Amino acid sequence: MMHNPPFLVLTAILSSLVIQSVVAANATSGFSVELIHRDSALSPFYNSSLTTSEILEKNALHSMDRLKAFQSLIDQKTIQSLVIPTAASYLMKLSFGSPPVEYYAVADTGSDVIWIQCAPCPQTQCYSQGSSPFDPQKSSTYQKLSCGSKPCQELNTKQCVNTNDCQYTLIYGDNSFTMGILSTDTLTFDSSTGQKAPFPTSIFGCGYNNQGNFGSPAAGIVGLGGGPLSLVSQLAPQIDNRFSYCLVPHSAQAQSSSKLIFGQEAIISQPGAVSTPLITKNPTTFYFLSLEGVSIGDKTVQPSSSQGNIIIDSGTTLTILESNFYNSLEPLVKAAIGAETVEDPRGTYSLCYGAQTDINVPEMVFHFTGASLRLQPVNTFRSIRNMQCLTIVSTSSNDANPISIFGNYAQINFQVEYDLQKRTVSFAPTDCTKQ
């Protein structure tokens, strides 16, 4: 069995979270939002019939789907239709309109646009979300945006047909899509103390034709990427251009939730923080970092190139490395553990050991530019079915220009701060259950 320190009896997935309530509501100093894993017992969409292994398998496959969509978008030379990575499975609780109407929406760091299903929305054109679509006619602050408006010009898929309204179409990696009118209204986050953090004239899509699999009975999607229409970009002046999150272990999710923090409250104050630059590349949606190498003990492997070679993404479960880089790292892991391996019959994981095998998982150090991040066993190994598997996998060897992803398992029990003005990401080891 794995020997983990007591404080590392942690198993978390952040491939699906519910953003449930705001704790502190002064937007100038910041506010924090609770994140509840969709598959945890605290989630309103909890499915008790799924086993832990089934949840892990589902999220591992979802990771590979997101990688393909990321790669496709990066490889596009000319954007003819915007294909967005398959939406992450986080759920975010927020309110639209005046008076505010509360909904759960998928939170996704791999996309930018905020959108929600709107009435009128016939069954043939909208999916079931478990609540009535948002009715803009009942909101006193709702406004449609025109085709000539600046936000409309930010969209690559806008069109104006028989109207001056800014019509959009967003297509996701699994061919799900939303079509509607780009609009503005007040978005409100509710605090657990009853306070509110309202943000007037927030830009979002009012979706009247939404088809496909959006991962949950959510009302829409909240883009948290780096593009100009994302939630964090729109709120940048009010949140001091920064946000952070802290992800709790799966074993603690029934008692405590993860946190998404905006504004000055997002600043890392605990010791041991390290920072690395955000690299500006296309598409601007993604948060690119430079990974210079990975160490185990006194041995280090390096990628063929490091400038902006990895995306940090809270919506991807696994960490996925370029195939040649991964193939250099796996022998170091095997040598450090020194036990007999077993094959994953489903082929999802490359390096596994039997569930009863007594293994000592080594600390892995990910060397980002200016920041060495020490990953513990909880960040790199998981028990699944009758195995213990490395949660770092390889890209396809057929990818011409492969990109790597630093997934959410690797980010468990770190406070991760994004400073969008200084263009840095910072990490600090943290017991996220105490945040």
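This is a working chat about a predicted model.

Biologist: What should I know about the model before we start?
Modeller: It is predicted, so local features need pLDDT of at least 70 and side-chain atom pairs count only at pLDDT 80 or more, while totals for chains, interfaces and linings use all residues. Residues are numbered from 1 along each chain as its sequence is written, and side-chain values use heavy atoms, with hydrogens and water left out.

Biologist: How many aromatic pairs are there?
Modeller: The count is 22 aromatic pairs. Rings of Phe, Tyr and Trp (its six-membered ring) pair if their centres lie within 6.5 Å; planes under 30 degrees apart are stacked, over 60 edge-to-face, and the rest tilted. Phe-70 and Phe-286 have ring centres 4.3 Å apart and planes at 25 degrees, so that pair is stacked.

Biologist: Where do Phe-70 and Phe-286 lie?
Modeller: Phe-70 is in helix 1, and Phe-286 is in the loop between strand 14 (274-277) and strand 15 (288-289), so the pair ties together parts 216 residues apart in sequence. Helices (H or I, at least four residues) and strands (E, at least two) are DSSP runs, numbered from the N terminus.

Biologist: Is Phe-286 buried or exposed?
Modeller: Phe-286 counts as buried at 4% relative accessibility, and Phe-70 counts as buried at 0%. Buried means under 20% relative accessible area, exposed over 50%, and partly exposed in between, with a 1.4 Å probe and protein chains only.

Biologist: And what about Tyr-353 and Phe-381?
Modeller: Their ring centres are 6.3 Å apart and their planes at 35 degrees, so the pair is tilted. Tyr-353 lies in strand 20 (residues 352-354) and Phe-381 in strand 23 (residues 381-384), so the pair ties together parts 28 residues apart in sequence. Both Tyr-353 and Phe-381 are buried.

Biologist: Which residue lies over the face of Tyr-409?
Modeller: Arg-382 does, at 5.0 Å from the ring centre. A charge sits over a ring if NZ of Lys or CZ of Arg is within 6 Å of the ring centre and within 35 degrees of the ring normal.

Biologist: Switching to strands. How many residues of strand 27 are buried?
Modeller: In strand 27 (residues 414-419), 6 of 6 residues are buried. Phe-414, Val-416 and Tyr-418 point one way, and Gln-415, Glu-417 and Asp-419 point the other way.

Biologist: What does strand 27 pair with?
Modeller: Strand 12 (residues 242-246) pairs with strand 27 in the antiparallel sense over 5 bridges, and Cys-246 has Gln-415 as its bridge partner. Strand 28 (residues 424-429) also runs antiparallel to strand 27, joined by 6 bridges. Two strands pair if DSSP finds at least two bridges between them.

Biologist: What lies in the turn between strand 27 and strand 28?
Modeller: The two strands form a hairpin with 4 residues between them, and Arg-423 in the turn has a positive phi of about 60 degrees. In strand 28, Ser-426 is the bridge partner of Glu-417.

Biologist: One last topic: where is Asn-47?
Modeller: Asn-47 is in the loop between strand 2 (31-37) and helix 1 (52-75). Asn-47 is partly exposed, with a relative accessible area of 34%.

Biologist: What joins the side chains of Asn-47 and Ser-49?
Modeller: A polar contact of 2.5 Å. That term means a pair of N or O atoms within 3.5 Å; within protein, one must be able to donate a hydrogen and the other to accept it, and residues adjacent in sequence count only if both atoms are side-chain atoms.
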